[in-house]
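Thanks for making the time this morning.

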Amino acid sequence: AAANLLFLHRLCDVFVSYFNELDEEVLRDNFVIVYELLDEVMDFGYPQYCEAKILAEFIKTDAHAAEKSDVKAPMAVTNAVSWRQ
């Protein structure tokens with residue numbers, strides 16, 4: 001059981017090193033890369049190497065890293081009227 005938890009923890013570290021954060025949206029946006037990473041770190045259900053530097057040699061990608069942006073709510077949602085200040 002401890003080996004499984006250690007594997008999952010290292011897998012999360014690999015995802016963070018590839019995508020800068022671990023989030024449901026990031027995993028959905030980069031599904032193909034996640035699939036390739038899972039294919040490399042597990043063979044026939046047995047954990048293999050989980051080092052991000054080693055995996056970066058095999059899987060080279062331009063991952064869609066999550067970027068924080070200043071998203072503002074649309075005017076219809078805020079119920080703000082432009083002429084009222």
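**Core and helix packing**

In this predicted model, the largest nonpolar core has 14 residues, and those with the most contacts inside it are F15, Y18, F19, L37, V41 and L55. A nonpolar core here is a set of buried Ala, Val, Leu, Ile, Met, Phe, Trp, Tyr and Cys residues joined through side-chain atoms within 4.5 Å, where buried means under 20% relative accessible area and exposed over 50%, with partly exposed in between, for a 1.4 Å probe and protein chains only. Its largest share, six residues, comes from α1; helices are DSSP runs of H or I with at least four residues, strands are E runs of at least two, and both are numbered from the N terminus.

Turning to α3, its buried residues are I33, V34, L37 and V41. Seen down the helix axis, they fall within an arc of 100°, taken from the directions from that axis to the C-beta atoms, so they line one face of α3. On the other side of α3, F31, V32 and Y35 are exposed.

As for contacts, meaning heavy atoms within 4.5 Å, F7, L11, V14, F15, Y18 and F19 of α1 meet I33, V34, L37, L38 and V41 of α3. The cover over the buried residues of α3 includes α1, α2 (24-29), β1 (42-43), β2 (46-47) and α4 (52-58).

On provenance, residues are numbered from 1 along each chain as its sequence is written. Local features need pLDDT of at least 70, side-chain atom pairs count only at pLDDT 80 or more, totals for chains, interfaces and linings use all residues, and side-chain values use heavy atoms, leaving out hydrogens and water.
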